[in-house]
Amino acid sequence: MVSLPARILSTPQADALITRLTALHGPLMFHQSGGCCDGSAPMCFLRGEFRVGAQDVLLGRIAGDVPVWIGAAQFDYWRHTQVIIDVVPGRGAGMSLESPEGLRFLVRSRLFTESESALLEAAGEPARGG
């Protein structure tokens, strides 16, 4: 049986910050809206604080059990890429939980290979919210 490539990954540095934020705040979630400014960064919220709907696609889970959602329009644009949540020094987005930490989450990506894309296509669409 062939395993599917992950649509979402996180770096060890992001996982460390997620672990710290989880200890401070409780279970977390991410949402990537794809807008400009703050909307172009992955936003970290308390789980359930951001209400996902049918227009949101579940990319997967990182750092154990942290769900990562993306707006459907953004997913359509990025469906051919593996999204990687990373962290760098700087001020996070206004409503994102890492903002006071002096760090910010950001997205890196890589293109899926043709064979990875074929596997994901054959598996069907990922789960949606709502």
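What follows is a chat about this predicted model.

Colleague: Let's start with the fold: in what order do helices and strands come along the sequence?

Modeller: The chain has three helices and seven strands. Reading along the sequence, the pattern is β-α-β-β-β-β-α-β-β-α.

Colleague: What radius of gyration does the chain have, and what would a compact globule have?

Modeller: The C-alpha atoms fill a box of roughly 40 × 30 × 25 Å along the principal axes. For 130 residues, a compact globule would come out near 14 Å, and the chain agrees with that, so the value for the chain is 14 Å.

Colleague: And what share of the residues counts as buried?

Modeller: The accessible surface of the chain is about 7,000 Å², with 58% of that belonging to carbon and sulfur atoms. Buried here means under 20% relative accessible area. Of the 130 residues, the share that counts as buried is 45%.

Colleague: On to the holes: which elements each supply at least two residues of the lining of the largest cavity?

Modeller: A search of the whole structure finds one cavity of 30 Å³ or more, and the volume of the largest cavity is about 40 Å³. Its lining is made up of Arg7, Leu59, Ile70, Phe75, Trp78, Arg79, Thr81 and Val83. By class, that gives five nonpolar, one polar and two charged residues. The elements that each supply at least two of the lining residues are helix 2 (72-78) and strand 6 (81-89).

Colleague: Which elements give two or more residues to the lining of the largest pocket?

Modeller: The largest pocket has a volume of about 160 Å³. Its lining consists of Leu4, Pro5, Ala6, Arg7, Leu58, Leu59, Leu120, Ala123, Gly124, Glu125 and Pro126. The elements giving two or more of these are strand 4 (56-62) and helix 3 (114-123).

Colleague: Leu4 is in that pocket lining, so let's stay there. Is Leu4 buried, exposed or partly exposed?

Modeller: Leu4 sits in the segment before strand 1 (8-10). Leaving aside neighbours within four places in sequence, Leu4 touches Leu119, Leu120 and Ala123. Its relative accessible area is 46%, and since the range runs between 20% and 50%, Leu4 counts as partly exposed.

Colleague: How far apart in space are Leu4 and Leu58?

Modeller: Both Leu4 and Leu58 line the largest pocket. They are 54 residues apart in sequence, and C-alpha to C-alpha the distance is 15 Å.

Colleague: Now Asp86: is it buried or exposed?

Modeller: Asp86 is placed in strand 6. Leaving aside neighbours within four places in sequence, Asp86 is in contact with Thr11, Gln13, Ala14, Arg104, Phe105, Leu106 and Arg108. Its relative accessibility is 10%, and the cut-off is under 20%, so Asp86 counts as buried.

Colleague: How far apart in space are Asp86 and Arg108?

Modeller: Arg108 is one of the contacts of Asp86. The two are 22 residues apart in sequence, and their C-alpha to C-alpha distance is 6.9 Å.

How values were computed
Residues are numbered from 1 along each chain as its sequence is written. This is a predicted model: local features need pLDDT of at least 70, side-chain atom pairs count only at pLDDT 80 or more; totals for chains, interfaces and linings use all residues. Side-chain values use heavy atoms; hydrogens and water are left out. On a 1 Å grid over the protein atoms alone, a cavity is a set of points where a 1.4 Å probe fits but cannot get out, and a pocket is an open set with protein on both sides within 12 Å along at least five of seven lines; lining residues have an atom within 4 Å of a point. Grid points are joined across faces, edges and corners, and a volume is the space filled by probe spheres set on the points. Helices (H or I, at least four residues) and strands (E, at least two) are DSSP runs, numbered from the N terminus. Ala, Val, Leu, Ile, Met, Phe, Trp, Tyr, Cys and Pro count as nonpolar, Asp, Glu, Lys and Arg as charged, and the others, Gly among them, as polar. The radius of gyration is taken over C-alpha atoms; the globule rule is 2.2 Å times the number of residues to the power 0.38. Buried means under 20% relative accessible area, exposed over 50%, partly exposed in between (1.4 Å probe, protein chains only). Accessible areas come from the Shrake-Rupley method with a 1.4 Å probe; for residues, only the protein chains shown count as cover. Contact means heavy atoms within 4.5 Å.
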